[in-house]
Amino acid sequence: MSHATAVLPDPVADALVAPPRHVAIIMDGNGRWAASRHLPRVAGHREGARAVKRAVSAAIRHGVKWLTIYAFSSENWRRPAVEVLDLTGLLRQYLRTEIAELAANGVRIRFIGDRDRFDTDIRQDLAQAEHATAGNTRLNLTVALSYGARAEILAAARAMCEAIGEGRLDPDTVTEQGFTRFLSTDGIPDPDLIIRTSGEQRLSNFLLWQAAYAELAFLDVLWPDFGEEHFAAAMADFSRRERRFGARPG
Ligand code: IPE
Ligand code: IPE
Ligand code: MG
């Protein structure tokens with residue numbers, strides 16, 4: 001083995017130095033993946049669902065305890081009806097076939113977002129998946145479905161106003177910490193690292209409150225091609241960041 005090979009940095013070892021507690025992923029690029037292969041968009045979404053498995057196993061392998069994935073935004077309902085139908089169909093299929101494996105791997109699954117917009121059978125499957133995995137602790141997987149951060153923050157503000165109106169809450173005592181109790185992510189730590197695939201560099205209404213001090217990683221890979229090596233590279237990148245939270249650099 002040459003000397004040059006021996007000193008190459010090992011991204012996995014790097015990342016194990018201080019893994020982020022919570023990684024969130026904006027899974028983008030399914031449509032472009034399909035288009036580049038002259039396939040219908042649904043083929044990209046189907047392949048994207050397979051990539052979720054790789055992200056979950058990479059998170060477990062890296063000791064990450066919280067993984068949140070953006071699967072469908074509140075704005076994605078604006079897509080053509082056929083694509084929405086394809087996406088909800090894939091979701092239905094995913095919930096029926098994949099939850100058992102997640103449960104067996106010690107994954108606890110939660111869903112955030114406006115689930116009332118989904119059909120009754122899907123809503124039942126979402127509740128069932130949360131219930132069936134509630135006792136698991138190896139990885140906390142949160143799936144954002146029909147999720148939009150502005151809608152989430154607005155709903156939280158409304159619920160807080162209601163609590164104040166009913167005399168259950170004193171507005172003078174509300175803190176940032178207290179406000180987060182009204183968000184759908186109550187009990188979930190803020191993301192340390194947000195990864196977005198596909199090369200786009202925006203948050204698209206994802207975790208706007210929670211992302212205040214998240215490190216951002218924009219990867220030039222389309223989501224269906226995402227693999228453990230991309231997760232490892234993002235972790236290695238994260239381990240080299242200096243997080244300051246507004247304090248003076250040390
Ligand atoms: C991400 O892939 C999946 C969803 C947003 C549901 P896209 O469907 O946005 O793929 P692109 O961005 O068009 O390539
Ligand atoms: C963000 O991707 C939502 C998900 C990945 C689920 P979009 O593809 O919907 O975002 P924009 O439209 O490019 O901002
Ligand atoms: Mg997109």
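This is a predicted model: local features need pLDDT of at least 70, side-chain atom pairs count only at pLDDT 80 or more; totals for chains, interfaces and linings use all residues.
How many nonpolar, polar and charged residues does the lining of the largest pocket have? By class, there are 20 nonpolar, nine polar and eight charged residues.

1. **The largest pocket.** This pocket holds about 770 Å³ of space. Its lining counts 37 residues. Those nearest the centre are Met 27, Asn 30, Tyr 70, Ala 71 and Phe 72.

2. **Elements around the largest pocket.** Several helices and strands contribute to the lining. The helices α3 (30–36), α4 (41–61) and α5 (81–97) each give at least two residues. So do the strands β2, β3 (107–112) and β4 (139–147). Strand β2 covers residues 66–73.

3. **Two ligands, one pocket.** Where does ligand 1 sit? Ligand 1 sits in the largest pocket. The next points take each ligand in turn.

4. **The shell of ligand 1.** There are 13 residues around ligand 1. Asp 28, Gly 31, Arg 32, Arg 41 and Arg 79 come nearest. By class, the shell has three nonpolar, five polar and five charged residues.

5. **Polar contacts of ligand 1.** Asp 28 has a polar side-chain atom 2.9 Å from an oxygen atom of ligand 1. For Arg 79, a polar side-chain atom lies 2.7 Å from a ligand 1 oxygen atom. Asn 30 takes part through its backbone: a polar backbone atom there is 3.1 Å from an oxygen atom of the ligand. Taken alone, ligand 1 exposes 380 Å², and the protein buries 86% of that.

6. **Which element gives the most to ligand 1?** Which element gives the most to the shell around ligand 1? The answer is α3, with three residues. 

7. **The shell of ligand 2.** Ligand 2 is surrounded by residues from separate parts of the sequence listing: Ile 26, Met 27 and Asp 28; Tyr 70, Ala 71 and Phe 72; Asn 76 and Arg 79; and Arg 196, Arg 202 and Ser 204. The shell divides into five nonpolar, two polar and four charged residues. Strand β2 gives the most, with three residues.

8. **Polar contacts of ligand 2.** Ser 204 has a side-chain N or O atom 2.6 Å from an oxygen atom of ligand 2. Arg 202 places a polar side-chain atom 2.8 Å from a ligand 2 oxygen atom. For Arg 196, the distance from a side-chain N or O atom to an oxygen atom of the ligand is 3.3 Å. On its own, ligand 2 has 390 Å² of accessible area, and the protein covers 78% of this.

9. Asp 28 and Arg 79 are among the residues around ligand 2. Both are also among those that come nearest ligand 1. Met 27, Tyr 70, Ala 71 and Phe 72 belong to the surroundings of ligand 2, and they lie among the residues nearest the centre of the largest pocket.

10. **The second largest pocket.** Its volume is about 290 Å³. It is lined by 13 residues, and Glu 176, Gln 177, Thr 180, Asp 190 and Trp 209 are the closest to its centre. The lining has five nonpolar, five polar and three charged residues.

11. **The cavity.** How many cavities of 30 Å³ or more does a search of the whole structure find? There is one. The largest cavity has a volume of about 40 Å³. Its lining includes His 22, Thr 68, Ile 112, Thr 142 and Thr 185. Ile 188, Pro 189, Asp 190, Pro 191, Leu 207 and Gln 210 are in the lining too. These residues divide into five nonpolar, five polar and one charged.

12. Asp 190 lines the largest cavity. Asp 190 is also one of the residues closest to the centre of the second largest pocket.

Key:
Residues are numbered from 1 along each chain as its sequence is written. Chains are lettered from A and ligands numbered from 1 in the order in which they are written. Side-chain values use heavy atoms; hydrogens and water are left out. A residue is near a molecule or strand if one of its heavy atoms lies within 4 Å of it. A polar contact is a pair of N or O atoms within 3.5 Å; within protein, one must be able to donate a hydrogen and the other to accept it, and residues adjacent in sequence count only if both atoms are side-chain atoms. Accessible areas come from the Shrake-Rupley method with a 1.4 Å probe; for residues, only the protein chains shown count as cover. Helices (H or I, at least four residues) and strands (E, at least two) are DSSP runs, numbered from the N terminus. Ala, Val, Leu, Ile, Met, Phe, Trp, Tyr, Cys and Pro count as nonpolar, Asp, Glu, Lys and Arg as charged, and the others, Gly among them, as polar. On a 1 Å grid over the protein atoms alone, a cavity is a set of points where a 1.4 Å probe fits but cannot get out, and a pocket is an open set with protein on both sides within 12 Å along at least five of seven lines; lining residues have an atom within 4 Å of a point. Grid points are joined across faces, edges and corners, and a volume is the space filled by probe spheres set on the points. A molecule sits in a cavity or pocket if more than half of its atoms lie within 2 Å of its grid points.
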